[in-house]
Structures are given as structure tokens and as C-alpha cells.
Amino acid sequence: MNNEENMDDILKKILEEESFITSQTIDYQEYLPDFIARALEDLEVIETNALELDNDCENMEAINAMFRSFHNIKGSSGFVGQDVIQKIAHQTETLMDGCRKNTIKVNKQIIDLILNSVDFIKQICEDINITSDETFLEIVYVHLSNLEKISGKKDNNTEINSDIETDKINIDDINDDINDEYLYDFISETKEHLEIINKNMCGLKKDPANKDTMHNIFRSLHSIKGLAGFAGQTVIQRITHDTETLIDGCCKEIISPDENIIDLISKSNDYIEKICDDISLVKNQTFLEELHGHLSSIGNFKPTDDQLTKSVRKENPVNKSEEKEEPVIDLEEKETPAVESFVENFMQDFIEEAKEHIESIELKLLLLEKDTNNREIICSMFRSFHNIKGSAGFVNQTLIQKIAGQTEILIDKCRKDRCKVNKDIIDLILNSADLIKKVCDDNTLNTNKKFINDVDIHLHDLENTEVNFKNVPEEAFEAPQKLGEILVEQNILSEHEVKEILDKQKDYPELKFGQIAVKEGKTQVKEIIGAIRTQQSKVTAATEDYMRIATSRVDNLVDMIGELIINQSLVEQEVVGIFDSKNLNNLLRMSRITKDIQNLAMQLRMVSLKSTFNKITRIARDTINELGKDINFSTSGDETEIDRIITEKLNDPLVHLVKNAISHGIESKEERIKRNKESKGNVKVMAYNKRSCIYIEVADDGGGIDCQKVHKKALEKNLIDPNREYSEKEVLDFILLPGFSTVDNDNVNNISGRGVGMDVVKTEISKISGKIEIINKPGKGCTFILKIPVNHAVMNGTIVDINGQNYIIPTINLKKIIQPQEEDWISVQGIRSMIRVRDEIIPLINLNKVFGLANKEDSSKLIVIIEMDQKFKALPVKNVVGRREIVIKPVSPEFSQLKFVSSMSILGDGKVSLILDIENLFETEGAA
Amino acid sequence: MELHDGKYLTFSLKKEEYGIPILKVKEIIGLMEITDVPKTPDFVKGVINLRGKIIPIMDLRLKFMMEEKEYNERTCTIVVETNVNNTKSLMGIVVDTVSEVVNISQNEIEPPPQYGNKVDEDFLLGMGKVKGKVVMLLNIEKIINSEEMINLLSDMKGNAVNV
């Protein structure tokens, strides 16, 4: 295929879609941050799976997971009007689909393409405005055309449409008779929605241009539409659909919402309400005619926009009582894109829910095999299928709906003892479960002809089983046991009463449990509705596991708890001696609880290293490819938890270490063979917890560091004192010096070698008060160990009094506290500038210089020796107050210029104290 | 620029009345123990702990180059929330005493004089007339602009020893 032509093609396509999408976008911008957060999560999933796929090209699970994530992104990006993302996601999805169906072989190139897509989407997520950058778009187009070249299926879409159309017609045959069950519930919910609409209508009358009100009405109507379809109320569905389209037009400013329009909407409401009050109206010819007049007057106002008119093209008069299914077909096939993406958001939920149901169905089938007469099992399976069917309809999964519906009918037969449970039936149900599971795992199966064929055969089988029992009249289904159970649980009915009602039900099979219950005066209508609600909510309750919280809230919580602890200790100090033992005990218990709360709050900020490790795995892979080396990169311990702030800071150092290990650490193949090693190199990143510290090791089995070379280079670059002997450990630490690199200048490549990397590692790690240790085994490899305190927000600090004010020194940097003798001082030009401590001469920090203080040196009675990188400095202090756990607070931006303060803290007495930046103390003094 | 009329919190500095838009005021607190931060300009008194949050404290007298006054029980700290470069931050400003909240309408406000004021006219939103008195309405964001503060800090650096 000619690349350029192709590109133009895509460009055109994108432009078309662009204008199309913008015209469709209702103002969803407010959802953008949420969308980005979700998209980034999805991208992470994709990346992880892509890397897995890299190891195992046949990993179907990974492909499916990636497909799902891309699909999610595609769906929600359309929703927020991010058409470029949508386009990328769509094209990649198509590619993934090819992989999934084995029409495309997964190889490195494909994975690269997918990762590219991920990168593009990520880029857009980070900077939404980039989508208006021409150059960026061009790159994206090239990428898209590459994708398309490989997936190479353009006419897919048309196929899909025709397939769906045929599906829809089948489904309605099944639908009709099953839906009565929810009618009761449907009506009550519809009425609620109508109330909302009416409320909003009042608002709209006052302010016809108010989009919010319009959206509210739109949403409510859409809900009713969904519910109506579910309950088989096609007439209501039709009204709501038309009205919805009308409002949609108003929202998009295609038609202006004047009084006529508002009247029409009000009228629609009235009609729906009328139907709700008397369901039989839908069979009343005069009513229908009247309604038809109303609908066609809506039709007159309908938006003229291309897309929207399309959705109402079947406006011709329809005799509803005869051609009931027709409007339904229209709806499903032509729902506006906005609505579609709305539905896609539910897709994931639906799939999870469906899978749960299927799982329970499978389990129950196995039980049923042993006990074919167990009604309870049959009923619960029936419920599961019914639930699947219901929600499938909601998310447009017609195939699933069909399967579940048909299976449900079969199970119902069994339930009503009109069909004996035997192995064949169990097999059939199992098969249904399998098919649904397949569709859940692979959404594209909906359009897979072969698969649809399979399903048809299966459906046919299901029906045939049914045929034998056709003589038994069909009727509405119910779940009496469950409803009864709930009512008993809620102490509304006694078990005895439930039984009574069930007995009655046998006499009036056309009545539902609830109806009989009310008729018999056993319960109130309200209670029944409540019970039905419970019945439904029980199904969905189990899915919620996580919630998204703004980090600022968690931070505030941690702040407040810190404050609580401070106050607690203040109170404790006051009341000791005043309180009797009983009160003291209470107080102690309270303080324990407070500490527990603090721990819990701290845990809220902890995240696993998983995403960090994913990122470096990705980078490692890219680096390995770029260098063309044969290296096995692995990580372990990604479940280790660490403060969220630290994970951010860890990224850069780890990237540098890993890149170094890959580019410098691992030798070339020939060299490795010469050294009797496997030709494939190994780089491993490990994380583990030890004594309230996190250890992260980056280990390679390469050549290790050549100490002599390092020493020589360091001398050459004038980084060290040529007259000193250095221990091996010290020499190794040279590589952490800024500007140090053993790579000769002409060898600097784009991956590493400029001597910045290790310096970055060092500074970043020391920022999070971590340490680096290097274990070097010449010829065998090298391991960098990062030791990082688990909790960045809390550290052990020593409080010292400098010049009458308390400062905090990180205890980790504190070496010694001494009381100097007069003879220990060494003066330079009459100023004490050094101190002798056991044969070592340690430079003194000049407080005047650091703190800008007047000369008050005499008040300092003690010397604190601080240590940094095996170098020492003496800090004169007046007193050492104590050592305790302190909560670190960032320096307010106003003081960010103050280099000697690394952060602040609030001490037990509620006073603020400054934490000294030890590194800076060494720097400023070193320079002086 | 900003909406001029509305409610203002007035306070006094050396017998002069000043006002700041009430919407900027987060709360008014009494004196708290201030932790000194070395190497900052004189008018930056240091930091306090406001219920777990560390906020800087500025003495408005010193900022306006007036003579320092010893804090007493009437001394107040007004905690203001400012929005500079889209970052919200809190800061406490120390004033002699807080007076009242007054409603000043647009026509009671005159533009700031062009010269001859101790307070830099940049800091003024305008002059409000309340009950026969003149209240200088301050543009608090300008005054505690953190950028300016950083500049001051770096200026101070060289002179640190002389302080």
C-alpha cells in the first residue's frame, strides 16, 4: 500500500471524524480529569500486559486485557471529546483484535506499535493541548497508518452493522414475554424519573438555555428509555427516544429550546405518566393515535443535523400494536454516539458482573448434577441468567442477552417442573455459560460470524429442548422464593405467611408473588417495592472495591492526625498527677487509638512499587532493543509498599541505574563468552522491606566496575585529591560524583555516558533521605542497593538548640555529640574554624554565615558532629534537646530560597521547627 | 481588575486605617508563638503552626517601613489566602489591631494617589471613605507576592552578615 496515500486517507478520515465528534460533544469537559486518571490506569495495564506479551507472544490473556483497556479508553475518550485518543485507541484496538483472532501474529514490531500507541495517548493525557499541535498530529497519523497497514481491515465496520441488525430482530421474539416481571419496579422508577424531569422542566421554562437542566432531563429520559426497553414497554421507549433526540438537539444547539419544544417535552412526560398509571393504554387505539400525533409533531422539530436525522429516519407511521419490535430495533442500532459511550462506561461493570454470575452458575451446575431435584439451585441459576440478560440489554450486548434469555426460558421450565433436569440440560446450560463467558472475554465475538453461528446452533438446541414442552402455557416469571426470603428477613412477613402466599400463587399463576401479598393484605406496596430493590441491589453490592480519593484529602487527614497527636501529648503532660488512675487509663487508651489512626492514615499514602517497576521494565526493554543486547530483565518484590511521594522520586534514579546496568554493566556477547558466562545477560531489580526501610537492588551480572579505571578517571577529571590514598569503597563512590564518567567523550551515546546519571541518582536518593551502597564484584557484576526509609513523612530527628531556637537534625546524619575542651580548637586567623576530635580535624560550620546570625558563638557549649558521605562537620549548638519521631512538612514556597532548611516540622509543644538541610551545610561550607 | 466594592476587613497600623477584601481573609487569630526563620527580611517574622499547617508570618508595619511596635494583647494576625500564579497559599499578617468589617461601595472608593504615600501605590486598590474616615484598601496579593519575597530573600543573602 502506498504509504503517503494512505496517510492522506487517514488524515481526511480523522478530520471528518473530528468535526463530527465536536458537533456531538455535549460539554463533558468536567469529566476530563477523571478520564485522564482512568486512561492512565488503563495504559498502565496495557503496558504491563505488553511487556508480558513480549516474553510470551501467545499470551491470550494479556492480549485480551490490552484489548479491553484500549476499548475502555476508546469509549471514554469519545465521551470527553478526545477524538485523537479515540482514534489511536480504536486503531490499536483493531490491531489487537487481529492478534486476538490470530489473523495477526504477535511479534516485536506489533508490541512496539502498541507501546507507541500507549505513549501517544499518555502524551495527550499529560498535555491535552498537544492535540492541536500540527507536528504531533502528523506523527500520530504516521503511527495510525502503520497500525492500519498491519491490521488492514477497513471494511470491518460495515460488516458489524449488518450483523447487529440481524441479531436484533431475533432477540425481540424472545424478549416479549419475559419482561413483565420488572414492570412493577419499572413503573415506580419511571415515576421517580418523571418527577425529576418535571422539576427540571420548571427550571427550563424559566431559563430555556440552561444546559445543565437539559442534561438532567436527557439523563432521566435516557434512564427511562433503558428501563422501558428492559421491561418491554416499547411505547414508552419510543416516546422517550424521540423526546431524547429532541433534547439532544437542544443540547447541541441544533434547535433552540423555545416554548413549543418545552411543551412537547411536557406532553411526552404526560403520556409516559399516563401509560405508567394504566399499562393497558398501550393497547388502546385512540390513545396510540393521539400519541402518534404527538410523536410526529416532535418529529417536525427534530434536529436537522446529519447524524441526528439519521437516527430518526424511520419516522413513518407505525402501527404499534402490530409492529412492536420495530422501534426497538431502531433504537439499538442508532443510539447517538454520546449515548453509546455512556453505555460503554457500564460495559466493564457489566462484564465483571456477568463473569461473577457465570462463575456461580458453573458452581451450581456442578451441584445440580449431583442433586437434580434441588429447586433452590435451579432458582438461583435462573436469577443469575435473568440478571445477565437484564444488564446485557442495558449495555447492548444482544448476543449475551439472547443466550441468557433462551437459557432462562429453559431453566424456568425446569423450575416449574415442566421439564426434568437431566444431563443434556445441564450440558446445554453449561454451554450457555461458556458462550457468555467467551463474549465477555472478547467483545468482538459479537461480530464474529463463526461465533454467531455457534451461538445460533446453541440457541436452536435450547429451543428444541423446549419444544417437547411447548404444550405448557408460558407466563411471566418471578422469583418468589427470593422475594419471600427478603420479606421474611425484613420481618415484614413470617415464613408461614410466605408459604401461604406461595400456595395461593398456585391457584392464580398469572399473579406475581408481590401482587398476591398485597392483595391478601399481608404487606404494603411500599414494602414490596423495597424488597424488590433489595433483591436487585444485592447483586451489585459486591463489586465496589476501591474508591478514588484526592491526595490532598489524605494529606489533610494526615496533617490533622499529626495535630491530634501533638495536642494529645500536650494534654497528657498536663494531666499527669491530676488525673486518677482510672482517667489516666482512659487517656492512655485514647492515645493508643490515636496512634493507630495515625498508622492507618499513613498507610493510606502507601502504594505498591508495581507501577514504578512497570515503568522501568518498559524503559529497560526499550534500552535493550536500542542497544541490540541480549539481556534478560526481571523485577521482583513489586508488591513492596512505599509512600506515594517516594515512588515519584524513585523513578529517575532507578531509570538511570537500570540504563547503566544495561549499557555499561552487561558486556558484549563475545566478552561474556570469553569470561565463561552465559551469553544472555541478566539485570534484576529487587525490592524488599527490612527494618522500616525499603531496599531496592539493581543487580547485573556484567563486568563490574573497574576500580583502577575509576580512580584514574577521577584523577584525570580533577575530581579528587591526587595525594590521598582511597579505599575501594571510596573509589566506588566516585562514580556518584557529578560529571564523572568512565566513558570517553567520543563514546557518549544517547543512552548514557555523560556522567550526569549517577549524580542524579545520588541527589534524588538523598532527597528522600536514602542511601546508596555499591557492591562490586569485578568480572562478575555489580549491585546498587538503595536504602530508603519507608515513610517519608516521618523521620527520626534530633532537636538541637542553636542560638536559643530549636532546629532539627536528621538523626541519620548525626555522628557524635561532644563537649569540646579549650585545647581542641584550632583557630585560623583568630577565628575558631576547626576542631580536633580524636586525631581527626573537623571543620566547623560558621553559624554566622549559615544562619546570618550576629556573633554569638560563645553561647554554644556543645559540638554536634554531622556526617555526610563519610565526611564530617562540626556544628556548634547550645544544647541538645532530645531525639524523637517527627512529622515532616514541606517548606512553604515563600521560603524555598532558604537552602539550609530542607523542611519543617511541628514539635510536641506545637511550635514550628526547621529541619536543617545537612547536604547544604556541607556544600556551602565546602565552597567557603 | 478586582471587584472594588464589597466588604472589607479594616485594621489599624500606627493609627492609620487599612482594609483588605473580606474574601481574602481566612481567619483572624491572636498572637501565636512564632518560629524565627533566619536569613529572611525583617518583615518576615517567621512561621507559625496553624492547626497542623505551617504558614509564614509577615509584620505589616515592618513591610511598610514603619517603626516596630512590641506585640501586645491587641495585636492580631490576619490569615489571608492568596492566589498567586494559581497556587493558593496562606499567610499571616500581623497588624496593630483589627477594627471591623465595613461595606464600601464602588462610589466610595477613589483611585490611589499617584505619589506621596508611605505605602507603595502598587499595594493599594484605592482609598475608601467610611464614616468620614479614609481607609486605605490594600491589594494583599501584591503585598505578599511570594515572588517578590524570593527576590528579597536573594537580595538579603549578600547582606546577611550585616543584619
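1. Helices (H or I, at least four residues) and strands (E, at least two) are DSSP runs, numbered from the N terminus.

2. This is a predicted model, in which local features need pLDDT of at least 70 and side-chain atom pairs count only at pLDDT 80 or more, while totals for chains, interfaces and linings use all residues. Residues are numbered from 1 along each chain as its sequence is written, and chains are lettered from A and ligands numbered from 1 in the order in which they are written.

3. Helix α11 of chain A covers residues 259-277, 19 residues in total. Its span from first to last C-alpha is 27 Å, close to the 27 Å expected at 1.5 Å a residue; the expected span is 1.5 Å times one less than the number of residues. Its buried residues include Ile261(A), Leu264(A), Ile265(A), Tyr271(A) and Ile272(A). Viewed down the axis of α11(A), the buried residues fall within an arc of 160°, so they line one face of the helix. The arc is that of the directions from the helix axis to the C-beta atoms.

4. Chain A as a whole contains 33 helices and 18 strands. Of its 928 residues, 37% are buried.

5. Val887(A) belongs to strand β16 (residues 879-889) of chain A. Val887(A) is buried because 24 other C-beta atoms lie within 10 Å. Its C-alpha atom is separated by 10.0 Å from that of Ser903(A), 16 residues apart along the chain.

6. Strands β11 (residues 825-828) and β12 (residues 831-837) of chain A run antiparallel and are joined by 4 bridges; two strands pair if DSSP finds at least two bridges between them. Trp825(A) has Ile835(A) in β12(A) as its bridge partner. The two strands form a hairpin with 2 residues between them, and Gln829(A) in the turn has a positive phi of about 55°.

7. Chain B has an open sheet of 6 strands in the order β8-β1-β2-β11-β10-β9, with mixed pairing. Strands β8 (97-104) and β9 (109-110) of chain B stand at the edges, each with a single partner strand, so one side of each is left without a neighbour in the sheet. Within chain B, β1 (residues 6-13) and β2 (residues 16-21) run antiparallel, joined by 6 bridges.

Terms used. A residue is buried if 20 or more other C-beta atoms lie within 10 Å of its own, exposed if 12 or fewer, and partly exposed in between; C-beta atoms are placed from the backbone.
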